[in-house]
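Okay everyone, thanks for coming.

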Amino acid sequence: MIEIIINIITGTLIFLGAALTVVAAFGVIKLPDVYTRNHAASKSATLGIMCILLGTCLYFFQTEGVFNSRLILAIAFIFITSPVAGHLVIRAAYNTNVPMCDHTIRDDLKQQQKITSE
Amino acid sequence: MFSFVLHASLVLIALSMIGFIYRVIKGPSTPDRVVALDAIGINLVAITSILSILLKTTAFLEVILLIGILAFIGTVAFSKYLEKGVVVEHDRNNH
């Protein structure tokens with residue numbers, strides 16, 4: 001009985017993670033400029049992979065009775081590093097003057113840099 | 001039923017990987033490609049994790065952590081190269 005319940009939870013977590021990854025890919029294809037694309041890719045893909053790794057950890061805990069700390073370590077590592085990687089790429093994109101999309105009406109960072117340079 | 005869910009998730013992840021590859025090929029600027037490649041690395045972690053459930057082995061769990069670390073290091077190196085032109089700076093006097 002407990003096996004069926006754990007299988008249902010694991011399957012739900014893994015399918016949810018895969019669906020979130022598809023959402024990330026759809027955003028990366030559809031959104032207009034690099035900043036919004038990174039917004040989709042870094043958040044959605046990170047949550048998806050965390051769901052999938054949690055489901056895997058639960059599955060191996062149920063079948064083998066062994067708690068795999070490597071998977072928990074991987075979840076923590078990806079949760080810490082993936083937003084940092086997105087931040088670095090977007091800062092490099094802004095400093096190398098990658099254009100924003102045409103609907104952008106407000107750029108606070110440019111005004112701030114203008115104030116500090118004067 | 002459980003195995004069907006796993007296979008369906010593999011198909012979904014493969015489809016999203018095709019989407020990221022489209023962005024890598026078409027992306028107008030270099031940061032677009034770097035963002036898509038980072039997401040492809042994250043997707044590889046997901047595929048490895050689901051395949052290790054399907055093959056019923058825990059031998060690939062180190063590979064998951066390894067791919068995560070390598071994707072992070074690659075993205076940081078790429079963005080530092082884009083911003084400053086070098087990856088490792090050797091100039092000791094200019095700090």
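**Pockets, cavities and a helix pair**

Let's start with the second largest pocket: sorted by class, its lining has 5 nonpolar, 3 polar and 1 charged residues. Before I go on, please keep in mind that this is a predicted model. The volume of this second largest pocket is about 150 Å³. If you want to find it on screen, look for Val34(B), Leu37(B), Asp38(B), Ile40(B), Gly41(B), Ala71(B), Gly74(B), Thr75(B) and Phe78(B), which line it. Two elements of chain B give two or more residues each to that lining, helix H2 (30–54) and helix H3 (61–84). Which of them has the largest share? That's H2(B), with 5 residues.

While we're on chain B, here's something from the UniProt record. An unreviewed entry there annotates residues 6–25, 34–54 and 60–82 of chain B as "transmembrane region". For residues 60–82 of chain B, you get 96% helix, 0% strand, and 33 Å between the end C-alpha atoms.

Now over to the largest pocket, at about 180 Å³. Its lining is made of Tyr35(A), Tyr94(A), Asn95(A), Asn97(A), Val98(A), Pro99(A), Met100(A), Asp107(A), Lys110(A) and Gln113(A). Helix H3 (69–95) and helix H4 (108–117) of chain A are the elements that give two or more residues to it. By class, you'd count 5 nonpolar, 3 polar and 2 charged residues in the lining of the largest pocket.

A quick word on the idea: rolling a probe the size of a water molecule over the atoms shows where empty space is left.

The largest cavity contains about 100 Å³ of space. It is lined by 15 residues, and the closest to its centre are Asn38(A), Ser42(A), Val35(B), Asp38(B) and Ala39(B). Helix H2 (34–64) and H3 of chain A, along with H2 of chain B, each supply at least two lining residues here. The classes in the lining of the largest cavity come out as 8 nonpolar, 6 polar and 1 charged.

The second largest cavity has a volume of about 60 Å³. Around it you'll find Ile78(A), Thr81(A), Ser82(A), Ala85(A), Asp38(B), Ile42(B), Gly68(B), Ala71(B) and Phe72(B). H3(A) gives the most to this lining, with 4 residues, while H2 and H3 of chain B each supply at least two. By class that's 5 nonpolar, 3 polar and 1 charged for the second largest cavity.

Last bit, the helix pair. Two packed helices are described by the angle between their axes and the distance between the axes. For H3(A) and H3(B), the axes come within 9 Å and cross at roughly 15°. Are these two roughly parallel or roughly antiparallel? The angle is under 35 degrees, so H3(A) and H3(B) count as roughly parallel to each other. Their crossing is left-handed. As for the residues of the contact of H3(A) with H3(B), 16 are nonpolar, 5 polar and 4 charged.

That's it from me, happy to take questions.

Technical notes:
Residues are numbered from 1 along each chain as its sequence is written. Chains are lettered from A and ligands numbered from 1 in the order in which they are written. This is a predicted model: local features need pLDDT of at least 70, side-chain atom pairs count only at pLDDT 80 or more; totals for chains, interfaces and linings use all residues. Side-chain values use heavy atoms; hydrogens and water are left out. On a 1 Å grid over the protein atoms alone, a cavity is a set of points where a 1.4 Å probe fits but cannot get out, and a pocket is an open set with protein on both sides within 12 Å along at least five of seven lines; lining residues have an atom within 4 Å of a point. Grid points are joined across faces, edges and corners, and a volume is the space filled by probe spheres set on the points. Ala, Val, Leu, Ile, Met, Phe, Trp, Tyr, Cys and Pro count as nonpolar, Asp, Glu, Lys and Arg as charged, and the others, Gly among them, as polar. UniProt positions are given in the numbering used here, feature names are shortened, and annotations may be inferred rather than shown by experiment. Axes are lines fitted to C-alpha atoms, for helices over the stretch in contact, and angles run from 0 to 180 degrees between N-to-C directions. Angles under 35 degrees count as roughly parallel, over 145 as roughly antiparallel, 65 to 115 as roughly perpendicular and the rest as oblique. A crossing is left-handed if the near helix is turned anticlockwise from the far one by less than a right angle, and right-handed if clockwise.
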